[in-house]
Amino acid sequence: MLARVSEADTSAAYGDERAAFRSAGHVLVDSVADHLAALPSGPVWQPLPDALRKQLLEMPLPEHPAALDDIVATASRDVLPHAMGNGHPAFFGWVNPPPSAAGVLTSLAAAAMNPSVVSGDHADVHLERAVVRWLAELVGFPHPPGAGLLTSGGSAATIVCLAGARSRALAQAGHDVRRDGLAGAPQLIAYVPAEAHSCVRRALELLGLGSGAMREVALQEGRLDAAALRAQVAADRAGGALPALLVGSAGTVNSGAIDPLDALAEVATAENLWFHVDGAYGAFGVLDPAIAARYRGMERADSLVLDPHKWLGVPVDAGCALVQRGDDLRDAFSLIPPYLRQDADAPVGTFAEYGLEQTRPFRALKTWATIAARGRAGIAGQVARANTLARELATRVEREPELELAAAPETSIVAFRARPVGCPPARLDELNRALPEAIQARGRAFVTGTVFRGRETLRACILHPDTSSEHLATLVAEVVAAARKLAAA
Ligand SMILES: Cc1ncc(COP(=O)(O)O)c(C=O)c1O
């Protein structure tokens with residue numbers, strides 16, 4: 001027998017849900033505020049208790065509904081306290097900042113609206129256009145309407161940009177990659193410095209160029225031998241390949257180095273290569289007057305990736321792809337079936353015509369709120385402060401006989417190594433490789449490792465607005481103590 005659902009029953013159920021939402025929401029906001037307030041005085045990170053890990057992993061699928069109050073209580077008790085650690089000012093791992101308070105709060109409103117940000121006359125669409133323009137303005141990149149969009153992060157933005165590069169290069173060669181794929185196409189070649197982030201290689205693999213199409217751009221102490229690069233391009237052309245792409249970093253992931261962007265842009269222009277700049281971590285560094293000149297040439301890139309969810313602290317996820325000519329992306333991606341033609345014939349079309357995603361989340365509200373809460377001046381101050389702290393950390397490292405600096409920092413990443421007394425040189429790589437986990441387990445600072453110039457290296461990335469000299473001192477002391485312990489083991 002069919003159950004009868006009366007109108008009164010339905011609205012009463014919704015009324016109950018709205019009341020429950022309001023009361024559970026207040027509780028949740030309070031527990032989030034308590035969590036954020038308690039963060040600096042707790043351990044940076046600690047492993048989950050075994051029982052809780054097991055409980056989370058093995059949670060059975062519920063048959064019956066749970067009350068919102070109980071869901072909020074479980075999230076507050078079992079999830080919120082067991083975070084990655086990047087909320088703490090002594091967290092120096094990878095490239096992960098704490099979230100901005102404005103971004104956290106407005107994420108709730110974005111979820112409550114729950115739009116698909118593609119097209120139409122709703123606020124989220126217009127806000128994304130404005131926010132993308134703000135991001136371009138912040139880093140001094142030209143921005144004709146439509147020439148950029150928010151993505152899930154730097155990796156996705158890189159795929160978007162390099163798809164634009166691929167389609168433009170092949171179109172110029174008379175090959176329609178969207179119709180014919182890569183079959184019968186000339187071999188595209190990409191020139192990429194060794195320190196480029198792995199997302200560049202992944203994009204090239206995914207786009208069918210293959211990592212074999214990558215040529216390393218040699219940089220000596222950050223300088224480009226333009227003649228050598230142009231000779232390589234000529235040799236590739238002579239061999240029948242199609243040189244298509246040149247990549248530079250506005251802040252490398254290992255050491256925060258800024259590539260010689262102007263010199264790279266010169267070669268790209270002279271050789272008709274698409275110039276792509278990866279500014280996922282470092283593009284906002286241009287706001288620091290002390291190093292702004294190092295970014296000259298970034299504004300000449302055909303495409304620029306930047307990540308609001310890195311230095312700006314927009315809650316994950318928020319990446320951004322910017323291009324000089326929006327049509328380069330539109331040509332690569334636009335596909336409008338009859339069921340998706342809203343705004344398709346408007347001058348800039350829909351966001352789905354410029355990238356990978358059809359249903360798109362409302363990333364712009366938290367990004368707008370994060371920028372609005374600080375303003376350009378506030379962001380510039382935070383960026384400059386992080387860079388100053390990085391130089392201070394480098395000085396502290398150089399002063400400590402059991403540490404050595406791997407590179408002088410240009411931005412807010414410091415690469416360094418431990419060399420504890422009594423550790424034979426042959427064991428140093430092994431020790432430095434083991435160090436990050438040993439330090440993390442102690443709970444007072446969090447740093448991660450890499451291989452830089454062929455050697456195991458620690459890298460401390462400073463992004464937290466509350467990181468202070470005190471936290472740098474803690475990091476140095478923790479590295480030295482953990483390294484001594486490992487050396488003695
Ligand atoms: C320089 C650089 N490029 C690209 C990326 C990839 O960005 P995402 O993790 O947002 O995909 C990162 C991430 O740390 C990065 O540091």
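**Ligand contacts**

I started at histidine 309, where a polar side-chain atom lies 2.9 Å from an oxygen atom of the ligand. I count a polar contact as a pair of N or O atoms within 3.5 Å; inside the protein one atom must be able to donate a hydrogen and the other to accept it, and residues adjacent in sequence count only if both atoms are side-chain atoms. The model is predicted, so I note that local features need pLDDT of at least 70 and side-chain atom pairs pLDDT 80 or more, while totals for chains, interfaces and linings use all residues. Residues are numbered from 1 along each chain as its sequence is written, and side-chain values use heavy atoms, without hydrogens or water.

I then checked lysine 310, which has a polar side-chain atom 3.0 Å from an oxygen atom of the ligand. Aspartate 278 places a polar side-chain atom 2.6 Å from a nitrogen atom of the ligand. The ligand taken alone exposes 390 Å², and the protein buries 84% of this area (Shrake-Rupley, 1.4 Å probe; for residues, only the protein chains shown count as cover).

**Ligand shell**

I listed the residues around the ligand (a heavy atom within 4 Å) and got 14, with Gly154, Ser155, Asp278, Asp307 and His309 as the closest. By class, the shell holds five nonpolar, six polar and three charged residues. My classes are Ala, Val, Leu, Ile, Met, Phe, Trp, Tyr, Cys and Pro as nonpolar, Asp, Glu, Lys and Arg as charged, and the others, Gly among them, as polar.

**Whole chain**

I counted 14 helices and 13 strands in the chain (DSSP runs numbered from the N terminus: H or I of at least four residues, E of at least two). The C-alpha trace spans about 80 × 65 × 45 Å along its principal axes.

**Pockets**

Next I looked up the largest pocket, which holds about 760 Å³ of space. A pocket is an open set of points on a 1 Å grid over the protein atoms alone, with protein on both sides within 12 Å along at least five of seven lines; a cavity is a set where a 1.4 Å probe fits but cannot get out, and lining residues have an atom within 4 Å of a point. Points join across faces, edges and corners, and a volume is the space filled by probe spheres set on them.

The largest pocket is lined by 25 residues, and Leu28, Val29, Val32, Leu80 and Val104 come closest to its centre. Two or more lining residues come from each of helix 1 (7-38), helix 3 (68-79) and helix 4 (101-113). Helix 1 gives the largest share, eleven residues. I sorted this lining into 17 nonpolar, seven polar and one charged residues.

The second largest pocket has about 520 Å³. Of its 21 lining residues, Leu219, Glu221, Gly222, Ala257 and Arg453 are the closest to the centre. Its lining has ten nonpolar, three polar and eight charged residues.

**Cavity**

I searched the whole structure for cavities of 30 Å³ or more and found one. The largest cavity contains about 50 Å³. Its lining consists of Leu162, Ala165, Arg166, Leu188, Leu204, Leu209, Ala244 and Leu245. Helix 6 (154-172) and strand 6 (242-249) each give two or more residues, and helix 6 has the largest share, with three. Seven of the lining residues are nonpolar, none is polar and one is charged.

**Backbone**

I noted a cis peptide bond from valine 316 to aspartate 317, with omega near 10 degrees. Aspartate 317 sits in the loop between strand 8 (303-306) and strand 9 (319-323). Tryptophan 94 has phi near 35 degrees, a positive value in a residue other than glycine. I placed tryptophan 94 in the loop between helix 3 and helix 4.
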